[in-house]
Amino acid sequence: MSGTGPPEPGEGTRARDDHPWQDVRAAGRTGGTAAAWYARHRRAASAVAAAAVLLAGGGYLYATRPRQPPPHPERRHAQAPYPAQVTDVTYLDARTPPADAPPRSFSFAVLLSVASGPPVTVTRMDQPYAGLALSTEPPAPFRTRAGSARTITVTLHVTDCGKAPRDAGLPFLDVTLRNTRAIQTQSFIPGTRYARDLSHALEVACSNRSR
């Protein structure tokens, strides 16, 4: 072989730097980069996935939570006060009995007031003494709204002087009250003035003196 130039590479000859394992190394570097990226972002990805699971679970629990039924009408009524707790009866004065009242009758005026709650209906008013009959104006039943008062004229008629008390110590009136909560019978003591006026009226009605 002669000549001064470098020999030409023969067929099938590779350059020294062109090694077959270079492609493998490059592929290995690519796989390592993906693994490193996943390692860096694995915690964030796990947190996002956990938050999505919690959000979905919370939404399911909210949608399937037990719902409170609306209050039953009887329970709503149970919140109202008892009628005897909000009703008061006070004595006003003696009155002239109605023109059509029978003999030996006398009348008094009382004030019935309702402090709060639903309206209160008086279904009956009576007194405890035998020998006396009672009527009212307005006649029962009548209704009184909360925050208002009504004047009631009570007329007593002596049916039997032998059974009527001559000296009423602490007379009272039995009043049956009704509202949306309950029906109650309450005894109201109108006070000492009522006792004094009642005793005087009984004495006059059951004596020979005129009224």
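A salt bridge is counted here when a side-chain nitrogen of Lys or Arg lies within 4 Å of a carboxyl oxygen of Asp or Glu. The model is predicted, so local features need pLDDT of at least 70 and side-chain atom pairs count only at pLDDT 80 or more, while totals for chains, interfaces and linings use all residues. Residues are numbered from 1 along each chain as its sequence is written, and side-chain values use heavy atoms, with hydrogens and water left out.

Select Arg-95 and Asp-93 to begin: they form a salt bridge whose closest N and O atoms are 2.6 Å apart. Arg-95 is partly exposed at 37% relative accessibility, and Asp-93 is also partly exposed at 30% (buried means under 20% relative accessible area, exposed over 50%, partly exposed in between, with a 1.4 Å probe and protein chains only). Next select Asp-126 and Arg-124, which form a salt bridge with closest N and O atoms 2.7 Å apart; the count comes to 2 salt bridges.

Now colour the strands (E, at least two residues) and helices (H or I, at least four), which are DSSP runs numbered from the N terminus. An open sheet of 4 strands has the order β1-β2-β6-β4 with antiparallel pairing, where two strands pair if DSSP finds at least two bridges between them. Its edge strands are β1 (87–95) and β4 (132–137), each pairing on one side only. Between β4 and β6 (residues 148–158) there are 6 bridges, and Ala-133 stands opposite His-157 in β6.

Then show helix α4 (residues 192–205), which lies across β1, β2 (105–114), β4 and β6 and runs at about 160° to β2; axes are lines fitted to C-alpha atoms, for helices over the stretch in contact, and angles run from 0 to 180 degrees between N-to-C directions.

Within the largest nonpolar core of 32 residues, select Phe-106, Phe-108, Leu-156, Val-158 and Leu-198, which touch the most other members. Such a core is a set of buried Ala, Val, Leu, Ile, Met, Phe, Trp, Tyr and Cys residues joined through side-chain atoms within 4.5 Å. Leaving aside residues up to four places away in sequence, Val-158 touches residues including Phe-106, Leu-202 and Cys-206, contact meaning heavy atoms within 4.5 Å.

Finish at Cys-206, which a disulfide joins to Cys-161 with an S to S distance of 2.1 Å (a disulfide is a pair of cysteine sulfur atoms within 2.5 Å). Cys-161 lies in the loop between β6 and β7 and Cys-206 in the segment after α4, so the pair ties together parts that are 45 residues apart in sequence.
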